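This report looks at a few features of one protein model. Please keep the sequence and the 3D view at hand while reading.

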Amino acid sequence: MCELVRVSRWGYAIAVGLFVMCAAGNGKALAQDTPSSDTSASPRERALRDQLKNILQELDELQQKKESEKPEAERPTIIKEKAEPTSPEAATEPASDAKTDFDMSDMSIVSERFQKRSEGMSFSATVPAETQSQPTRTMKESLEAVPGIVLRQANGPRDFSIMIRGLGAKTAFAIRDIKVYEDGISQTQSDGLSRLDIQDPWFMRSTEVIRGASSSLYDNYALGGMVHFRTRRGRDIRGLETFFSGGSFGYQKYGVAIGQETDKFDIAMFGSQMAADGFIQHSNYNTQTINFNVRYKLDDRQNFYFKAITNWLNTKVPTRLTQGQFFGNERQAGGAQTLCTPGTYNGGCANALLLDQSRVDRRTIIGGIYERQIDANTVLTVEADYDLKDIQQSFSQIFENTNPNYKSYADLRHDGRLGTLPLKSYVGFFVNQMEQNGNTFQNLADGFGTKGTLLQNSRGTIFNIGGRFREELEFYPNWILAVGLGFEQSRINVQATNYVPNDIPGPGGPDAGALANRASANRTFSNWAPEGALIWKPSEDRRHWIRASTGYGIPQFANLLRNPITGEPGTNFNLKPQKNLNLEIGTEVSLHPTLFVQVVGFYTFFKDEIITQVISGNNTASVNADSSRYRGVEVFADWRPVSGLRVSGAYTHINAEYINFSDRSAAGFIIRDGKHVPNVPTDILNGKLEYYHVSTGWGAWVEGNYSNSYFLNNNNTFGFPSYVIGNVNVHKNIELSQSSWFRFAKLFIQVDNIADTKYAASGQVITGETHADAAGRQIFYAGYGRAIYGGVTLGLF
């Protein structure tokens with residue numbers, strides 16, 4: 001029967017693929033618009049110019065191919081002009097022989113085709129200088145420059161939770177409620193979990209962020225938006241690069257990049273090794289990452305992209321500190337106040353040293369993207385990948401999980417017309433399936449992470465399938481109406497067998513390890529995600545929009561295995577998917593050729609948020625919090641008054657409140673209406689002053705980060721302390737044109753937290769009605785004290 005179900009699923013997926021191929025054959029019925037360059041021209045004139053741009057680009061590629069086939073002596077001399085920067089972000093970068101005059105975000109992942117991103121969204125991207133001048137240790141260091149997004153330290157060196165507009169704020173580890181991609185391949189597994197362990201900042205060229213609910217385009221779990229990492233291509237490397245760095249608290253990192261571009265291939269391969277003792281006791285780590293990318297031009301219309309990533313992580317994990325522990329010694333391992341008996345299992349023990357808390361995780365993603373230009377206006381993209389997560393994590397219990405995940409999507413884009421009006425159309429289908437096979441053991445708290453009795457084994461499957469479409473119509477010159485709709489059906493099937501954790505005294509009492517009970521769930525969810533936007537682009541350097549979008553996220557395996565009435569193992573039949581409605585109004589303008597500003601106001605309604613409540617004793621269950629609202633403003637400014645000088649800043653303000661929520665405590669139900677949603681920051685500010693002198697290669701920057709205080713418990717009696725952190729960097733780029741072995745050297749030295757401020761890098765949602773009660777919970781991870789780092793990147797051959 002199971003085989004029959006599996007065959008039917010793949011049959012359904014094949015049928016979806018055939019439907020897309022058939023649609024491709026009739027691609028002229030679909031449409032997609034391209035950017036206009038002359039706002040005074042008629043819609044027809046601009047559409048013809050856009051088509052001409054694509055044709056000229058294709059002719060240029062054909063000409064280059066012909067010239068490359070000639071003997072070198074017969075090839076004509078080509079004089080290339082310096083391309084003018086197309087965005088404020090490009091102005092401080094060294095000029096390059098760019099083939100295109102559009103941002104990287106408007107370039108196909110697979111090829112160099114112009115592929116304009118969707119209109120009417122709050123979009124930001126980091127500039128290459130964020131990683132070139134400081135080969136960052138974590139993605140947090142570069143993403144702090146983007147408004148609306150906050151990263152918090154979690155359980156590992158590169159493991160950060162991500163929050164966008166307050167969504168994802170309650171996640172204490174990894175990432176939820178936000179979709180993550182790298183080079184077009186999803187890094188989010190089918191259960192909604194993403195981790196940044198596998199992303200090495202040194203490999204990246206840029207990171208793009210779409211803020212606000214986006215499930216119409218990115219389906220399940222895109223409640224907060226989407227984060228897309230783009231790695232450097234072979235043409236960005238053109239040879240061999242090596243990277244060496246070291247610094248405070250035993251930090252050391254080594255990396256290598258090999259890349260080259262030919263007529264047919266663009267190949268980029270990265271490898272890195274990173275290790276450190278850590279600032280906090282029991283946080284030492286060792287991690288290796290390999291990232292391999294090949295782009296192959298099959299012919300003038302077809303391209304294929306292959307990607308393989310793998311990461312090995314071995315890290316110790318401290319326990320979050322109480323308020324007293326944090327102010328007493330923020331570098332301690334934590335958990336010493338909890339009840340622990342060495343050699344004996346106790347589910348309430350959180351002593352990081354006795355439990356030898358750690359993560360030994362392996363993650364591998366292998367995938368490919370096929371792109372075919374059906375005609376001058378129609379492009380088909382088909383993606384498929386295999387994603388395997390294999391983990392062993394030791395906390396109060398020891399978890400062993402294996403999660404094989406198959407994912408695929410097919411997209412069809414077309415530039416066409418509705419009558420005489422330019423129309424940009426998109427249709428896509430997707431299917432993915434993840435399995436889980438897990439075992440949970442006692443941790444005997446003997447200082448070595450020794451396994452005790454088996455507590456639970458579980459097996460589950462998540463299967464998602466759906467489709468989406470989007471239309472963007474320029475109904476009047478410079479006015480665009482965008483509408484989209486996504487649909488997804490999800491089926492979750494999970495079974496868990498639980499065993500007695502400890503010997504039960506008395507006659508006939510079961511021994512530890514005896515069968516206790518079984519729990520299972522089989523749920524199906526159907527979700528729709530409509531979206532609409534109105535965009536006005538009076539000129540190339542001005543864009544104004546209003547947008548209404550929706551997001552959804554289905555429950556996880558564990559959410560469905562507890563009875564919501566008793567908290568005992570059972571089936572949670574009442575739990576619903578969480579959903580949100582995002583309303584925003586935004587503008588981005590170049591107030592001056594040197595000054596770019598983006599301002600966005602948003603109002604998000606969150607419905608049926610999935611939270612965990614204590615039902616009785618140690619029994620917990622997942623329930624839906626009825627409604628809450630998140631409203632705020634995002635501001636970004638980029639000023640470049642003179643060549644090489646850049647002043648930038650990103651500010652985010654959020655006010656998050658419960659509208660209708662009955663919390664549950666030992667005293668009974670408590671109305672939380674009007675209370676602030678915990679762990680959502682109110683004010684975040686990043687400012688940066690940087691200067692790069694092109695002729696000498698010297699550069700430097702100074703950066704400041706500010707976070708206001710905010711509440712961490714539902715009763716709003718305990719808060720996260722505010723902080724201000726300053727960082728400074730000096731770097732030097734040396735061109736070695738006279739050497740046949742070395743092309744360049746890039747050196748940097750950086751001081752983080754120059755004032756050695758004691759601050760909390762992250763907090764988490766805690767219980768406790770009074771301040772004193774909440775202060776005794778496990779709350780904070782301390783941020784690094786003053787730290788000095790230095791390194792060099794060498795370009796060889």
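## The disulfide

The torsion about the S-S bond of C340 and C349 is about 100 degrees, so the disulfide is right-handed. The sulfur atoms of C340 and C349 lie 2.0 Å apart, where a disulfide is defined as a pair of cysteine sulfur atoms within 2.5 Å. One disulfide is found when the whole structure is searched, and both C340 and C349 are buried (buried means under 20% relative accessible area, exposed over 50%, and partly exposed in between, with a 1.4 Å probe and protein chains only).

## Basis of the model

The model is predicted, with local features needing pLDDT of at least 70 and side-chain atom pairs counting only at pLDDT 80 or more, while totals for chains, interfaces and linings use all residues. Residues are numbered from 1 along each chain as its sequence is written, and side-chain values use heavy atoms, leaving out hydrogens and water.

## The open sheet

An open sheet with mixed pairing is formed by five strands in the order β1-β6-β7-β4-β5; strands are DSSP runs (E, at least two residues) numbered from the N terminus, and two of them pair if DSSP finds at least two bridges between them. At the edges are β1 (122-125) and β5 (185-186), each of which pairs on one side only.

Four bridges join β1 in the antiparallel sense to β6, which covers residues 204-211, and S124 has V209 in β6 as its bridge partner.

## A residue in β17

F475 is found in strand β17, and F475 counts as partly exposed because its relative accessibility is 37%.
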